[in-house]
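My notes follow the picture, point by point.

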Amino acid sequence: TNWTTKLRYLPYKEWPDSQIKDIKQKIAQSHWRLGYHIQPTTGLLNDPNGFSYFNNQWHLFYQSFPYGSVHGLKNWTLLTSNDLVHWQDHGPLLLPGDKQDSHGTYSGSAINVDDKLFLMYTGNVRDKDWVRHPKQDGAWIDKNNQLTKITTPLIDQPREGFTDHFRDPQILKHDNKYYCLIGARRKDDTGHVLVYQAETVTGPWTYKTELKFTDQKMGYMVECPNLVFVDKKPILIFCPQGISQDVLKHDNIYPNAYIIGDSFDWDDFSFKNPSRIKNLDDGFDVYATEGFNAPDGRTLAISWIGLPDTTYPSDVEGWANCYSLVKELKIKDNQLYQIPVNENSSLLKQKITTDKISPQTKISGLIVNDEGLLTIKTDQAEELQISFDTNNGKIKVDRTKAGLLVAADHGTTRESIVDPGKIEFELYLDNTVFELYINQGQKVLTGRIFPKGQQFRLASKSVQLQKEQLEKIY
Ligand code: FRU
């Protein structure tokens with residue numbers, strides 16, 4: 001397909017039914033699909049949106065372009081779950097095409113208000129000269145998952161002095177007032193997070209101030225800001241595009257970063273004693289992570305495994321990208337830990353005792369001294385290599401020979417550093433995605449691989465290993 005702008009933004013009703021049918025047929029032949037990670041039914045999946053708990057169920061939406069594996073006219077597709085592990089896909093719910101969201105229902109968040117769920121999102125609006133006019137919009141969902149849009153934008157224009165890159169509202173409630181954070185690019189090409197406030201979610205929304213979480217320059221644009229709390233400490237998770245390598249060393253095209261503060265001041269919206277900025281994930285493919293403080297007291301997060309401006313080998317099959325497992329965020333010794341939620345243990349089936357592993361396997365290990373090596377090989381002589389160096393506290397993931405390459409111009413290896421000493425890990429393999437958790441989630445390295453081979457075998461050196469087969473649910 002020649003993905004012209006016209007085709008990418010074609011109104012959904014003008015697509016023939018055969019488009020989705022054809023993609024589904026291709027997907028049925030795919031050997032790259034996933035067994036227990038959220039993936040799009042068809043087309044491209046990007047940012048997680050509206051992660052919430054409503055009507056006794058977890059709710060989550062994905063940014064979706066259903067008609068091909070490109071960024072086009074986006075909708076929010078609804079997923080619900082009882083356990084954060086098994087998700088039901090209800091299809092597109094927040095559709096683009098109205099005056100306030102004509103060219104896409106872009107990223108945003110959700111909050112419970114009385115017996116409804118309120119969505120705040122960015123309406124991507126283009127005029128006939130293709131000039132962008134971002135709107136911050138609202139919509140209600142009732143207990144039958146019926147959606148009603150608010151047709152007047154909640155925030156109609158970017159703040160004075162800012163460009164049309166003004167999006168991804170995160171809605172929060174504090175002391176009976178509502179706040180939202182918006183990612184923004186100032187006219188001087190610097191990235192910022194702006195705070196707005198309202199008495200009721202439908203507005204009026206008024207500008208308060210910029211969020212104060214760093215003295216350093218956060219690139220030219222901040223996407224997907226998320227403020228969450230762990231033990232009252234604020235964590236800002238965000239995507240600072242174009243950030244200097246001196247401020248944040250990163251290998252991916254754009255980083256997904258975070259900053260932790262000692263406390264948060266709701267009067268002037270500042271972090272007290274902000275940490276330095278760090279990468280949320282040391283692997284290849286994590287972006288646009290969405291976090292929220294769940295009513296059960298946990299701080300939960302889920303990441304897009306996929307990067308902007310990046311093509312993936314599965315594009316030819318008409319689908320792209322997936323999500324991470326749902327992770328719980330914790331702070332220990334002032335450091336952020338991310339660990340798949342406990343509910344994932346329901347996926348464990350049985351121990352594997354041979355070196356042949358299923359495409360859905362959890363591998364846990366311990367490296368006590370010197371160097372350890374773990375290799376996941378396929379029957380086509382491909383391999384994903386993970387090496388551990390306990391003396392230097394270094395973990396290295398190498399996907400150079402793991403199959404078709406992704407964004408190889410950004411390197412085919414990634415490294416992560418921990419304190420010297422024994423290294424523990426848990427690796428969740430799901431066919432073409434892996435999530436490697438080091439020292440109980442102190443560091444995480446996530447990535448995709450695209451092997452031709454379909455049989456996996458494990459080889460290891462100086463690693464004590466445990467292998468468990470995981471359930472394939474999709
Ligand atoms: C991040 C992003 C967001 C935007 C969405 C559009 O990946 O560019 O800033 O709202 O994707 O799909």
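How far apart do the end C-alpha atoms of residues 365–461 lie, and how much of the span is helix and how much strand?

1. Let me take that question at once, with the reminder that this is a predicted model. The end C-alpha atoms of residues 365–461 are 11 Å apart, and the span has 0% helix and 56% strand. In UniProt, an unreviewed entry lists these residues as "domain: Glycosyl hydrolase family 32 C-terminal".

2. Now the whole chain. Its secondary structure amounts to two helices and 36 strands. The radius of gyration is 22 Å, close to the 23 Å that the globule rule gives for 474 residues, so the chain is as compact as a globular protein of that length. Along the principal axes, the C-alpha atoms fill a box of roughly 60 × 55 × 45 Å.

3. Of the 474 residues, 48% count as buried. If you take the contacts between residues at least 6 apart in sequence, 59% of them join residues at least 24 apart.

4. On the division into domains: the chain splits into domain 1 (5–340) and domain 2 (347–470). Their C-alpha centres are 29 Å apart. Domain 1 puts 30 residues into the contact, and domain 2 puts in 32 residues.

5. Which of the 13 residues around the ligand come nearest? They are Gln63, Lys74, Tyr106, Ser107 and Glu223. The elements giving two or more residues to this shell are strand S1 (43–54), strand S5 (105–113), strand S9 (162–174) and strand S13 (221–230). Sorted by class, the shell holds four nonpolar, four polar and five charged residues.

6. A closer look at Pro153, which sits in strand S8 (residues 147–155). Is Pro153 buried or exposed? Pro153 is buried, because 21 other C-beta atoms lie within 10 Å and 20 or more are enough to count as buried. Leaving out neighbours within four places in sequence, the contacts of Pro153 are Gln100, Gly123, Lys135, Gln136 and Asp137. Gly68, by contrast, is 85 residues away from Pro153 in sequence and 29 Å away in space, C-alpha to C-alpha.

7. Why does Leu211 count as buried? Because Leu211 has 24 C-beta neighbours inside 10 Å. Not counting residues up to four places away in sequence, Leu211 touches Leu181, Val193, Val195 and Phe269. Asn279 and Leu211 are 68 residues apart in sequence, with 20 Å between their C-alpha atoms.

Note on methods
Residues numbered from 1 in each chain as written. Predicted model: local features only at pLDDT ≥ 70, side-chain atom pairs only at ≥ 80, totals over all residues. Near = placed C-beta within 6 Å. Helix = DSSP H or I, 4+ residues; strand = E, 2+ residues; numbered from the N terminus. Nonpolar A, V, L, I, M, F, W, Y, C, P; charged D, E, K, R; others polar. Rg over C-alpha atoms; globule rule 2.2 N^0.38 Å. Buried ≥ 20, exposed ≤ 12 C-beta atoms within 10 Å, placed from the backbone. Contact = placed C-beta atoms within 7 Å. UniProt positions renumbered as here; feature names shortened; annotations may be inferred. Domains from an automatic or database assignment.
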